[in-house]
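Subject: Structure handover

Hello,

Here is the structure for you to look at. Please open it first, then read my notes below.

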Amino acid sequence: MAAGGRPATMRAVQYGGYGGGATALKFVEIPVPSLKKDEILIKIKAASLNQADWRIQKGLMRPFHPKFPFIPVTDVSGEVIEVGSAVREFKVGDKVVSKLNLWKAGGLAEYVAASESDTVSHPAGISAADAAGLPVAGLTALQALSSIGTKFDGSGTGADVLITAASSGVGTYAVQLAKLGNHRVTATCGARNLDLVGTLGADEVLDYATPEGAALASPSGKKYDYIVNLTDRGKWSVFRPQLSSNGGRVVDVSPNLGNFLASVMTLFSRRKRLSLVILTLGKKELGFLLELMREGKLKTVVDSRHPFEKAAEAWERSMSGHATGKVIVEM
């Protein structure tokens, strides 16, 4: 095992029970984690928050997860300072990006032990914050677009696609990836983000607060081949009339109970149906996204940056539901 200046202790942010929001987050001084043979120790430079982080705190996976006290956050970028005996891909000093194991997390800390299988190299020219924004949000967008047959090399003819909540972390990546696939994109977001979503490539942008936006009606009157739904407020009863009658499909990343039932009811439909997306992509696909970013074809939209000492403010910002793009904590 190679060492690169391992400290004995570190600062971390944890919570000790369900609920409480940002006020329940507490700074602690704890031992730096020890490594298994297939793990690396990362000195974290930046971490990004996802909705799942605070939804888990609220009890999303209760009573199975988490075990308390719990250090949240799975998306990090940083530098390798120690490697396990079986690690072959990385060495001390390497810059890396990791989507940490959901059950262990640990990203809201100065150091974290990450599996080699969850970690990729961090290309030069990409900031720590931009790289940290990618793992969960970028991979979710990639999986949703891949599920409708998107060819990201631009070789496809594309389709008419609606993306809801397009100014969210997942949404900002989804719009860009959809355009790489030559899709004709209609997007929904709040009024203050209409211009931003347009600059990401959306061909039509709807204010969700208007009657047309609430109905998801295309300004050009077209129906959609696919709807990529990123909000848990979406309803099958609203999606269905806007789908093309020739096999239109909803790909739902954030299903509510009604849409879950719709996915079951339409499972064998040859016309309009709703399918659920559960994130399964990992290391290989994260490397692909970072390469797109290195080539200037994909960017992270950063809502706000917060120093580690103000992690609670970042948590509160993410919980507000009004973040545009990614909320970043910088160590």
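Tyr15, Tyr18, Phe68, Phe70 and Trp315 make up one aromatic cluster. This is a predicted model, in which local features need pLDDT of at least 70, side-chain atom pairs count only at pLDDT 80 or more, and totals for chains, interfaces and linings use all residues. Residues are numbered from 1 along each chain as its sequence is written, and side-chain values use heavy atoms, with hydrogens and water left out.

**Aromatic pairs**

A pair of aromatic rings is described by the distance of the centres and the angle of the planes. Rings of Phe, Tyr and Trp (its six-membered ring) pair if their centres lie within 6.5 Å; planes under 30 degrees apart are stacked, over 60 edge-to-face, and the rest tilted. The structure has six aromatic pairs. In one of them, Tyr15 and Phe70 sit edge-to-face, 5.8 Å centre to centre, with 70 degrees between the planes. Tyr15 is in the loop between β2 (9-14) and β3 (26-31), and Phe70 is in the loop between α1 (51-58) and β5 (75-83), so the pair ties together parts 55 residues apart in sequence. Helices (H or I, at least four residues) and strands (E, at least two) are DSSP runs, numbered from the N terminus.

Tyr15 is buried, at 1%. Phe70 is buried too, at 6%.

**Helix α10**

Trp315 from the cluster is also one of the buried residues of α10 (residues 311-319). Seen down the helix axis, the buried residues of α10 fall within an arc of 100 degrees, so they line one face. The arc is that of the directions from the helix axis to the C-beta atoms. These residues pack against β2, β4 (39-49), α1, β15 (302-307) and β16 (326-330). Just after α10, Gly321 has a positive phi of about 80 degrees.

**Nonpolar cores**

A nonpolar core is a set of buried Ala, Val, Leu, Ile, Met, Phe, Trp, Tyr and Cys residues joined through side-chain atoms within 4.5 Å. The largest has 43 residues. Leu134, Leu145 and Leu177 are among those with the most contacts inside it. Helix α4 (169-180) gives this core its largest share, seven residues. Apart from this core lies another, of 41 residues, including Ile40, Ile71, Val87 and Leu100.

**Salt bridges**

A salt bridge is a side-chain nitrogen of Lys or Arg within 4 Å of a carboxyl oxygen of Asp or Glu. By this rule there are 15. Here are some of them.

- Glu82 and Arg6 meet at 2.7 Å, N to O. Glu82 is in β5 and Arg6 in the loop between β1 (2-3) and β2, 76 residues apart. Glu82 is buried, at 5%. Arg6 is partly exposed, at 32%.
- Asp94 and Lys91 meet at 3.0 Å, N to O. Asp94 is buried, at 17%, whereas Lys91 is exposed, at 52%.
- Arg317 and Asp303 have their closest N and O atoms 2.9 Å apart. Arg317 is in α10 and Asp303 in β15, so the pair ties together parts 14 residues apart in sequence.
- Arg11, Glu110 and Glu309 are linked in a network of salt bridges.

Best wishes

Note on methods. Buried means under 20% relative accessible area, exposed over 50%, partly exposed in between (1.4 Å probe, protein chains only). Contact means heavy atoms within 4.5 Å.
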